[in-house]
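Visitor: I have a structure on the screen and a few questions about it. Could you walk me through it?

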Amino acid sequence: MGPKDLEFGLLGEHLGHSFSPAIHRQLGSYDYQLVELPPDQVGPFLQKGNFRGLNVTIPYKKTVMAYCRELSPAAERIGSVNTIVRRPDGTLFGDNTDAYGLGVITGRAGMAFAGTKTLILGSGGTSKTARHVVEAAGGEAVTVSRTGETNYENLERHADAAWLINATPVGMYPKVQAAPVDLARLTN
């Protein structure tokens with residue numbers, strides 16, 4: 001892929017599973033490409049400025065923040081950026097639209113977080129977004145990570161959780177049957 005010809009795209013490390021270009025072809029008449037880069041190339045790519053806008057995915061939602069001149073209030077509060085716009089002066093503006101999307105989809109699914117406990121699997125940028133959504137709705141968010149205070153080995157101490165959000169890459173296409181935890185361990 002030649003980023004020099006990029007208008008819009010998705011920035012991530014491993015993007016072979018992404019349907020984003022096909023989705024964007026259906027939604028609009030603009031060029032949308034996958035920008036698959038190793039960590040050491042993200043900064044130089046962002047600084048070159050050969051794009052108008054980007055979506056950002058695993059594992060760069062926190063990394064890209066350092067290259068944004070300004071962050072939206074949501075991105076600043078959450079500590080994660082999934083959308084970057086290059087302004088006319090060449091500076092980058094970072095936003096987090098994941099929080100809005102997660103709030104809408106969980107609301108439509110009837111997930112009322114207020115007064116309940118939600119386990120959030122993972123500790124990356126998506127986890128921070130989920131934590132923000134749960135807490136903004138009046139719920140208690142518990143982050144589950146491999147090495148944190150609450151981890152996959154002691155998960156049962158939160159068996160009273162009403163909700164679980166998987167904010168890890170486990171279960172992503174093409175391995176959609178994979179699960180980071182056995183739900184039988186959680187009685188609720």
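Guide: His24 sits in helix α1, residues 20-27. Helices (H or I, at least four residues) and strands (E, at least two) are DSSP runs, numbered from the N terminus. This is a predicted model, where local features need pLDDT of at least 70, side-chain atom pairs count only at pLDDT 80 or more, and totals for chains, interfaces and linings use all residues. Residues are numbered from 1 along each chain as its sequence is written, and side-chain values use heavy atoms, with hydrogens and water left out.

Visitor: Is His24 buried or exposed?

Guide: Buried means under 20% relative accessible area, exposed over 50%, partly exposed in between (1.4 Å probe, protein chains only). His24 has 17% relative accessibility, so the residue counts as buried.

Visitor: Which residues does His24 touch, not counting residues up to four places away in sequence?

Guide: Contact means heavy atoms within 4.5 Å. With residues up to four places away in sequence left out, His24 touches Tyr30, Tyr32 and Asn55.

Visitor: What do the buried residues of α1 pack against?

Guide: Ser20, Pro21 and His24 are the buried residues in α1. Seen down the helix axis, they fall within an arc of 95 degrees, so they line one face of α1. That arc is taken over the directions from the helix axis to the C-beta atoms. The face turned away carries the exposed Arg25 and Gln26, while the buried residues pack against β1 (8-12), β2 (32-36) and β3 (53-56).

Visitor: And α4: what do its buried residues pack against?

Guide: In α4 (residues 98-108), Ala99, Leu102 and Thr106 are buried. They fall within an arc of 65 degrees seen down the axis, so they line one face of the helix. On the other side, Tyr100, Ile105 and Arg108 are exposed. The buried residues of α4 pack against α3 (73-78) and α5 (125-136).

Visitor: What radius of gyration does the chain have?

Guide: The radius is taken over C-alpha atoms, and the globule rule is 2.2 Å times the number of residues to the power 0.38. For 188 residues, a compact globule would come near 16 Å; the chain agrees with that, at 18 Å.

Visitor: How many helices and strands does the chain have?

Guide: From the N terminus on, the elements run β-α-β-α-β-β-α-β-β-α-β-α-β-β. That gives 5 helices and 9 strands.
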